[in-house]
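Subject: Structure for you to look at, with notes

Dear colleague,

Here is the structure I promised to pass on to you.

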Amino acid sequence: MKTNGMIFLLAFVLAFAGGYFFFNKGKTDNMQAVTVQENTTSKVDEEEESEPEELSSAEFEIFNTNSCLSCHAVSSLGLEGGTTGPDLSKSYADIEGKHGVDLDSFLQEPTSAVMTGVIEGSPLSDEDRAEIVELLKKASEE
Amino acid sequence: MTTKRIISAVLGIIAGLLVAVVFFADFNKAGENAAGDIKSKAEKVYVPYGELDEYYMMSSGGHSGQLFVYGIPSMRKIRTVPIFTPDPATGYGYSKETKEMLGGFTWGDFHHPAISETAGDYDGEFLFANDVGNNRVAAVDLSTFTTVDIMSLPNMGGPHAGVFVTENTEYIALPTRFARPLDNKYADLDKYEEEYKGVVSMTTFDKETKKFDLAYQIVLPPWSYDLSDAGKKMSGDWIVMTTYNSEFATTNLEINASQNDRDYIVLVNWKKLEEEVAAGNYHDVNGAKMIDPRDHKGAIYAVPVAKSPHGVDVTPDGTRYIAAGKLAPMMTVFSFEQTFEAIEKEDFTDEKYGIPVLSYESVMEREVDPPGALGPLHTQFDDKGNAYNTMFISSEIVKWHIETGEVIDRTPSYYSPGHSAAAEGDTVSPDGKWLVSLNKISKDNFLSVGPSHPESMDLIDISGEKMEHIMAVPVDPEPHYAQIVHRDKINTITVYEKDENRENSVWKQEDARVERKGDEVHVYGIAMRSRFIFDAQSDRPDAVTVKEGDRVFFHLTNIDLDQDITHGFGINEYDLNFEVQPGQTSTLEFVADKAGVYPIYCTNFCSALHQEMSGYLLVEPK
């Protein structure tokens, strides 16, 4: 009697497990497809995020350390950046007409409200300012 | 003993399977498939953030007078471009230049867009638009998506059958829908047959100066010219037009213009007429060079076609033209080769109003008559030799093979399609990916907004053997025709070029000034984040003082040479508003006929301090 019970139990477990694998096969395949999809998406995101850093060489590091690139791009130097502020490619040449002062003066005492706040919060050192002006001069000649 | 063990095992297996089935088996297989199906349709149109649609759809906006720009396959509306209608959102029709272009008209009825073509393929440079309402043709520059020229057409009665372009945009052609007496003359409707004329305007467009010219007009019998197309390749010298009202009805056209069993497709050789016009063979009528093609052998022929046809479309290879029946429930395929042969052999059955009529049997290749398909209106094409017809009355798209006439598939549309647009579907090389059915009726398919229901558009995947209906979207009144162009062909600019020699432009703060010339006041100003500078010398550079009755000109240059930084300019209570795009100079002209103080402000959100971008117009009383 006991043996019969064991046999019944064993057969039950086997059939139950077989049924589980049989009916779930399709679902598992779908799930794998979804997982692969997700991985691809996140990979693309990572690549996009890392792009600006790859582009900025040591020469242009100064734009990063002073957080210029969080608001500005300098596309003529191949520097991607934020989109809030204007692209600085032509800023050296255009700033005097637009803001009434040259770039060096503007970076010491900006004539626009937003940049006044930015510079007051974290003034540029004389060395950094000189280097930025020089690089943006180069950018406007590109 | 053994039997009992076997029975136990069998029972165990049965019970195990039974429980497994109860727990794991999915009895909603059918339901899940349907859900899976919907998901795959959703995936087809989902364009993730950071990616762009593959195609632009340029859709006419009918009596809104506007162009609607959609992304395909997402069906997201990207832009409304005003063409014949003022638009405060872009300042179109308010600035001096655009106001002059609109010429005092406040609306237009834009039916058929035509993207400029090179060798029969879209080149993506310009888009042309017809105005059935007020007899005009317009050009939209696709580098800026702005209207750059509008020309009025004399002697016309609603250029419905245009615009279409010849294969290298030599001409932008517009045949008239209603016949009228020429030269704005008066003639009683009883004189319809003698005094009223059908006219085709053949216009040219200079891509450099961005200006239209009316090259010549073709005078024809007073039939109604409904739709038309230009030949391609072997048929490149020809245009084909459908007609109705060969009955010359002058009232109750619904009945009276639908009497004859046959109307005509008119074939005109534009190359031939071009030569004749160049040789001086025309009459000046109301400022247009009018040529009568019946005076020139080989310039015009007619082909009988089943009653009141609507669309006529030339196949991508240029070897055939297909008429859609409207009142005759079939598509008729005509062969250009047979047509040219019949012309050569002078195989004419008749002459109608001086036009030789070709033998139908000689030029007709096949009649395609899908059972129960009613109201065929227009034909589009794919890259596999198939044609797609909209069926207005039976609300469906019919796919059939041009060479064999075999009907391959039919799919419903929701409801009553006029035109459809396939991806590059009217060029020499259709893409065969998507088709959008432009429907006139949506019934209750969308949330109700009252008695005026939106029109609707169905997106259909035509990449497979069977068509697949993907989605339906509502749309403002009223797309008639659209063209779907690959995004690689459209090259837009983001900033207008800084041109220091441009008339009225100001690029430096110190140059901003106000100049008085008699009772004209010219303000040469700057818009930049986030201020106006009208007068650099003033203590208040953003205030302008004029006298009541002065004619005031605000010449405004946006010196933010930066992507997406548009400035607006509105004058409080003066009913005035316009925009300047980055690097653009534009002028607002008006008479300061109300004394008082009127705030000026930037109307297009430009920066965190947009709200502060303001000034005053002070109008001193007389």
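Predicted model: local features only at pLDDT ≥ 70, side-chain atom pairs only at ≥ 80, totals over all residues.

Residues are numbered from 1 along each chain as its sequence is written, chains are lettered from A and ligands numbered from 1 in the order in which they are written, and side-chain values use heavy atoms, with hydrogens and water left out.

**The two chains**

In chain A the secondary structure amounts to 6 helices and 0 strands, where helices (H or I, at least four residues) and strands (E, at least two) are DSSP runs numbered from the N terminus. Read from the N terminus, the order of its elements is α-α-α-α-α-α. Of the 142 residues in chain A, 28% are buried; here buried means under 20% relative accessible area, exposed means over 50%, and partly exposed lies in between (1.4 Å probe, protein chains only). The accessible surface of chain A is about 9200 Å², with 58% of it belonging to carbon and sulfur atoms; such areas come from the Shrake-Rupley method with a 1.4 Å probe, and for residues only the protein chains shown count as cover.

Chain B has 8 helices and 43 strands, and its C-alpha atoms fill a box of roughly 115 × 85 × 40 Å along the principal axes. Buried residues account for 57% of the 622 residues of chain B, and its accessible surface comes to about 26200 Å², of which 50% belongs to carbon and sulfur atoms. Contact is taken as heavy atoms within 4.5 Å, and among the contacts in chain B between residues at least 6 apart in sequence, 59% join residues at least 24 apart. The corresponding share in chain A, again among contacts between residues at least 6 apart in sequence, is 44%.

Chain B carries 56 positive and 97 negative side chains, and the centres of these two sets lie 4 Å apart. In this count Lys and Arg are positive and Asp and Glu negative, with His and the chain ends not counted, and the place of a charge is NZ of Lys, CZ of Arg, CG of Asp or CD of Glu.

**Salt bridges**

Over all chains the structure holds 33 salt bridges, each being a side-chain nitrogen of Lys or Arg within 4 Å of a carboxyl oxygen of Asp or Glu. One of them joins the side chains of Lys326(B) and Asp226(B) at 3.7 Å, N to O. This pair links distant parts of the chain, 100 residues apart, with Lys326(B) in the loop between strand E20 (320–324) and strand E21 (331–335) of chain B and Asp226(B) in strand E13 (residues 224–230) of chain B. Lys326(B) is partly exposed at 26% relative accessible area, whereas Asp226(B) is buried at 4%.

Arg410(B) and Glu396(B) also meet in a salt bridge, at 2.9 Å, N to O. Arg410(B) is in strand E28 (residues 407–412) of chain B and Glu396(B) in strand E27 (residues 396–401) of chain B, so the pair ties together parts 14 residues apart in sequence. A network of salt bridges links Arg320(B), Glu365(B), Arg366(B) and Glu403(B).

**A patch with residues from both chains**

Glu96(A), Asp102(A), Glu510(B) and Asp511(B) form a negative surface patch. Patches are made of residues with over 30% relative accessible area and no salt bridge, like charges being joined within 9 Å and nonpolar side chains (Val, Leu, Ile, Met, Phe, Trp, Tyr) within 5 Å. Asp511(B) sits in the loop between strand E33 (482–486) and strand E34 (513–517) of chain B, and counts as partly exposed at 34% relative accessibility.

**Two buried residues**

Phe590(B), in strand E41 (residues 585–591) of chain B, is buried, with a relative accessible area of 6%. Phe590(B) and Ser95(B) are 495 residues apart in sequence, yet 9.7 Å apart in space, C-alpha to C-alpha. Leaving aside neighbours within four places in sequence, the contacts of Phe590(B) include Val552(B), Phe554(B), Ile571(B) and Leu617(B).

Asn386(B), in strand E26 (residues 386–391) of chain B, counts as buried at 5% relative accessibility. With neighbours within four places in sequence left aside, Asn386(B) is in contact with residues including Phe381(B), Trp400(B) and Ile408(B).
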